[in-house]
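Open the model in a viewer and keep the selection panel at hand.

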Amino acid sequence: MLLEVSGLSVDYVLDRADVRAVDNVSFTLDRGEFLGIVGESGCGKSTLLFAIAQLLAPPARIAAGSVTFKGDNLVGLTDRQLSSVRWRDMSVVMQSAMNALNPVKSIGAQFRDAMRAHGKTSRDEIATRSAEVLRMVGIDQAHLRSYPHQLSGGMRQRAMIAMALLFTPDLVIMDEPTSALDVVAQRSLMVQIKELQRSLGFAIVFVTHDMSLVSHFSDRLMVMYAGQVDELGATRAIFSAPNSTSGGSSDTDMNALTVIAWSALVVTTTMPPANWPVA
Ligand code: ADP
Ligand code: MG
């Protein structure tokens, strides 16, 4: 087992009261597995990812639970202790590459900074690896000299993914990495992510509000609703029998999954899963 999240709760500590954004979430992830996390906007997906990567900043606070990665509980570790894990073993692709990339530094300089910060100092090694990861995501290495604003939205996202792969991590956490792209670019990026995962063997936790996008690529799916796990199971099982996998809110007329699946049905035009619940 690569990752075990157990009873994880996160609060936003506010003046008037604490808001629980992630509520008692538990799941496991095996090596090489692709877990999709879906749920409506505001249900706590980003907060959960930040908690897993130990990137939360005040007013957010882990209130309970553990995040065991490769045998170590990351909750409570110092930044110094975490720096041996971050980037090397676990990397994060943020929701907006535009915010995550430094606008005044070339792509190559940012790759170099990341590698230097984590112990890789040989100029040759850094140059070779930077070109290599950029090629992996289908970008010409000449763009190592480009600045973020000189790349298209899709290229920026792929550059972020390349950066996340600098150290061949075991786990890549992705927070809606395709959400700023048009539908065609989204699909091609998803296919590329999946191919990279197959060839390099890393596990993925992939967050999106678009179930139709992730369901073609994920081994397992977690549906979040109001900070909690509403559904968790094999992607196929969740599609064929919504809400039979986890004993979620089956007493409500239309649960979170149904709502998302319906909106997915409306927007999906290509590649429905084999057992898509129409037809
Ligand atoms: P998602 O990524 O699923 O859209 P988030 O994790 O961003 O959801 O947010 C989950 C909940 O936490 C939301 O209800 C949001 O209002 C709340 N929240 C997020 N960031 C903050 C913050 N900085 N301060 C207070 N509440 C926050
Ligand atoms: Mg989010």
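Helices (H or I, at least four residues) and strands (E, at least two) are DSSP runs, numbered from the N terminus. The model is predicted: local features need pLDDT of at least 70 and side-chain atom pairs count only at pLDDT 80 or more, while totals for chains, interfaces and linings use all residues. Residues are numbered from 1 along each chain as its sequence is written, and chains are lettered from A and ligands numbered from 1 in the order in which they are written.

Select ligand 1. The residues around ligand 1 (C-beta atom, placed from the backbone, within 6 Å) include Tyr 12, Val 19, Gly 44, Lys 45 and Pro 59. S2 and H1 are the elements that give two or more residues to this shell; the largest share, three residues, is from H1.

Next, select H1, residues 45-52. H1 lies across S1, S2 and S4, at about 65° to S2; axes are lines fitted to C-alpha atoms, for helices over the stretch in contact, and angles run from 0 to 180 degrees between N-to-C directions. Contact means C-beta atoms, placed from the backbone, within 7 Å.

Now show the strands. The open sheet has the order S2-S1-S4-S5, with antiparallel pairing (at least two DSSP bridges between two strands). Its edge strands are S2 (18-29) and S5 (72-73). Eight bridges join S1 to S4, and Leu 3 has Phe 69 as its bridge partner in S4.

Finally, select Ala 162. Among the residues that Ala 162 touches are Val 133, Met 136 and Ile 139.

Technical notes
Two residues are in contact if their C-beta atoms, placed from the backbone, lie within 7 Å. Lists of a residue's contacts leave out its neighbours within four places in sequence.
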